[in-house]
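Open the structure in your viewer and show the side chains. The stops below tell you what to select and what to look for there.

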Amino acid sequence: MAQSTEQQPTQSAVAPHPHPHPHPTRRDVSDLFSGGRLTVIPRKVARREQLLAHLTETLFATDREYTEPEVNDALRTVHEDCSALRRYLITSGRLTRTRDGRTYRRAATTR
């Protein structure tokens with residue numbers, strides 16, 4: 001039986017990218033939701049920050065001002081405790097509010 005001298009290309013012929021994910025991806029928060037509703041507000045700060053980032057990106061536009069009732073209504077679409085979520089968004093720096101509390105904005109940067 002004669003062996004073929006022709007070499008087959010192998011997977012190792014192509015060097016793998018040293019960093020398949022150069023920027024670590026944000027952990028998915030879908031496990032915190034059921035039927036589009038938030039089932040729990042995480043106690044762990046890091047996990048809660050991931051949730052707050054998700055809520056900020058999905059519920060609030062960058063170039064718009066919101067009243068407190070508008071913020072509450074947006075947050076109620078995912079969870080009944082809108083005041084806790086609003087407070088977390090403010091303390092994390094993801095939403096800013098005027099001194100008189102009349103207007104809220106999505107922050108350009110977070111703390």
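Which residues does N72 touch, not counting residues up to four places away in sequence? Select N72 and look around it: N72 touches C82 and R86. The model on your screen is predicted, so treat each stop as a description of that model.

**Stop 1: helix α2**

N72 is found in helix α2. Is N72 buried or exposed? N72 is buried because its relative accessible area is 10%, and buried means under 20%. Now select V71, A74 and L75 as well; together with N72, they are the buried residues of α2. These residues lie on the same side of α2, because they cover an arc of only 160° around the axis. They pack against α1, β3 (65-66), α3, β4 and β5.

**Stop 2: helix α3**

Next select residues 82-91, which form helix α3. Both contacts named for N72, C82 and R86, are buried residues of this helix. A84, L85, L89 and I90 are buried in α3 too. What covers the buried residues of α3? The cover includes the helices α1 (45-59) and α2 (68-76), and also the strands β2 (37-38), β4 (95-97) and β5 (104-106). After α3 comes G93, whose phi is positive, near 85°.

**Stop 3: the largest nonpolar core**

In soluble globular proteins, nonpolar side chains tend to be buried together. The largest nonpolar core here has 21 residues. Select F33, L38, F60, V71, L75 and L85, the members that touch the most other members. The elements giving two or more residues to this core are α1, α2 and α3. The largest share, 5 residues, comes from α3.

Leaving aside neighbours within four places in sequence, L85 is in contact with L38, I41, L52, L55, L75, V78 and H79.

**Stop 4: R106**

Finish in strand β5, the place of R106. R106 is partly exposed, with a relative accessible area of 21%. Which backbone oxygen lies 2.9 Å from a polar atom of the R106 side chain? That oxygen belongs to F60. The side chain of R106 also reaches the backbone oxygen of T56, at 3.5 Å. Beyond its neighbours within four places in sequence, R106 is in contact with several residues, including E57, A61, T62, R94 and L95.

Technical notes:
Residues numbered from 1 in each chain as written. Predicted model: local features only at pLDDT ≥ 70, side-chain atom pairs only at ≥ 80, totals over all residues. Heavy atoms only, no water. Buried < 20%, exposed > 50% of the residue type's maximum accessible area, 1.4 Å probe, protein only. Helix = DSSP H or I, 4+ residues; strand = E, 2+ residues; numbered from the N terminus. Contact = heavy atoms within 4.5 Å. Core = buried A, V, L, I, M, F, W, Y, C linked by side-chain atoms within 4.5 Å. Arc of directions from axis to C-beta. Polar contact = N/O pair within 3.5 Å; in protein donor to acceptor, adjacent residues only side chain to side chain.
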